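Me: I would like to go through this structure with you, one part at a time. May I start with a single residue and move on from there?
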Amino acid sequence: MKSLNQNIVFIGFMGCGKSSIAKAVSQQTGCLFVDTDGLIEMSENKKIKDIFQENSEKYFRECEKKVFDFLLPTKNVCISVGGGFPIYINHSLKSLGVIVYLKKSFDAIISSLTQKDIDNRPLLKDIDRAKKIYESRIKLYEKQADVILDITHQDINEVCLDIVDKLKI
Ligand code: S3P
């Protein structure tokens with residue numbers, strides 16, 4: 001296993017492919033892979049959409065903060081974070097590791113998703129509202145990023161190679 005000596009944190013808008021890419025990079029490097037939504041679903045024993053519906057978005061954001069604290073002492077993990085994670089955590093994500101922003105156009109994201117993918121994401125249900133959220137977040141993602149990759153026209157293998165090259169891993 002290649003020792004990164006830090007985590008790689010993948011940020012980007014909902015549905016841009018963070019989890020698949022983080023998983024692929026983890027396989028390439030032998031690192032662990034975790035997904036913050038996955039940790040929350042396991043810990044709450046509920047799907048994210050049910051947490052939004054039965055608890056609230058505020059409750060979900062509190063879960064994200066607990067996950068942030070949980071991950072702080074970790075190393076050598078490829079971490080895929082929910083699209084709102086960098087926005088609602090009141091700390092720089094840099095304390096978690098090197099931040100890779102996976103940038104993809106809104107239209108490309110939406111056209112790649114199935115109805116099930118959309119139904120699983122409460123903030124994607126209203127497409128006009130989702131576009132506004134997308135536009136309001138771009139600058140914040142860019143501000144947190146150490147590396148920005150425009151993945152709009154790339155497949156997962158190309159993105160993976162780019163990451164390995166840019167991070168020299
Ligand atoms: C959210 C993104 C989702 C999930 C939740 C809220 C957001 O994760 O955390 O539905 O605020 O952008 P993905 O980015 O994996 O879709």
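Me: Which residues does Ala145 touch, not counting residues up to four places away in sequence?
Reply: In this predicted model, Ala145 touches Lys94, Ile99 and Tyr101, leaving aside residues up to four places away in sequence.

Me: And where does Ala145 lie?
Reply: Ala145 lies in the loop between helix H8 (127–144) and strand E5.

Me: Does Ala145 count as buried or exposed?
Reply: Ala145 counts as buried, because its relative accessibility is 15% and the cut-off for buried is under 20%.

Me: What about E5, then: which way do its side chains point?
Reply: They alternate along strand E5 (residues 147–150).

Me: How do E4 and E5 pair?
Reply: E4 and E5 pair in the parallel sense, over four bridges. Within E5, Leu149 is the bridge partner of Leu102.

Me: Now E1. Which of its residues are buried, and on which side?
Reply: Both faces of E1 are covered. Ile8 and Phe10 are buried on one side, and Val9 and Ile11 are buried on the other.

Me: How many bridges join E1 to E3, and how many link E1 with E4?
Reply: Three bridges join E1 to E3, and these strands run parallel. In E3, Ser80 is the bridge partner of Phe10. E1 and E4 also pair in the parallel sense, over four bridges, and in E4 the partner of Ile11 is Tyr101.

Me: What is found in the loop between E1 and H1?
Reply: Gly12 is found in that loop. With a relative accessible area of 1%, Gly12 is buried. Gly12 touches Lys18, Gly83, Tyr101, Leu102 and Tyr141, again not counting residues up to four places away in sequence.

Me: On to H1 itself. How far does it reach?
Reply: Helix H1 (residues 18–29) has 12 residues and reaches 16 Å from its first C-alpha to its last. That is close to the 16 Å expected at 1.5 Å a residue.

Me: Which residues of H1 are buried, and what do they pack against?
Reply: The buried residues of H1 are Lys18, Ile21, Ala22, Ala24, Val25, Ser26 and Thr29. They pack against strands E1 (8–11), E2 (32–35), E3 (77–80) and E4 (98–103), and against helix H9 (156–166). An α-helix has 3.6 residues a turn, so residues three or four places apart point the same way.

Me: What follows H1?
Reply: H1 is followed by Gly30, whose phi is positive, near 75°.

Me: Switching topic: at what angle do H2 and H4 pack?
Reply: Helix H2 (residues 36–44) and helix H4 (residues 57–71) pack at an angle of about 110°, with their axes 10 Å apart. That makes H2 roughly perpendicular to H4.

Me: Which residues meet there?
Reply: Thr36, Asp37, Leu39, Ile40 and Glu44 in H2 meet Tyr59, Phe60, Cys63, Glu64, Val67, Phe70 and Leu71 in H4. By class, this contact has eight nonpolar, one polar and three charged residues.

Me: Last one: is Lys125 buried or exposed?
Reply: Lys125 counts as exposed, because its relative accessibility is 56% and the cut-off for exposed is over 50%. Lys125 is found in the loop between helix H7 (115–119) and H8.

Technical notes: Residues are numbered from 1 along each chain as its sequence is written. This is a predicted model: local features need pLDDT of at least 70, side-chain atom pairs count only at pLDDT 80 or more; totals for chains, interfaces and linings use all residues. Side-chain values use heavy atoms; hydrogens and water are left out. Axes are lines fitted to C-alpha atoms, for helices over the stretch in contact, and angles run from 0 to 180 degrees between N-to-C directions. Helices (H or I, at least four residues) and strands (E, at least two) are DSSP runs, numbered from the N terminus. Angles under 35 degrees count as roughly parallel, over 145 as roughly antiparallel, 65 to 115 as roughly perpendicular and the rest as oblique. Contact means heavy atoms within 4.5 Å. Ala, Val, Leu, Ile, Met, Phe, Trp, Tyr, Cys and Pro count as nonpolar, Asp, Glu, Lys and Arg as charged, and the others, Gly among them, as polar. The expected span of a helix is 1.5 Å times one less than its number of residues. Buried means under 20% relative accessible area, exposed over 50%, partly exposed in between (1.4 Å probe, protein chains only). Two strands pair if DSSP finds at least two bridges between them.
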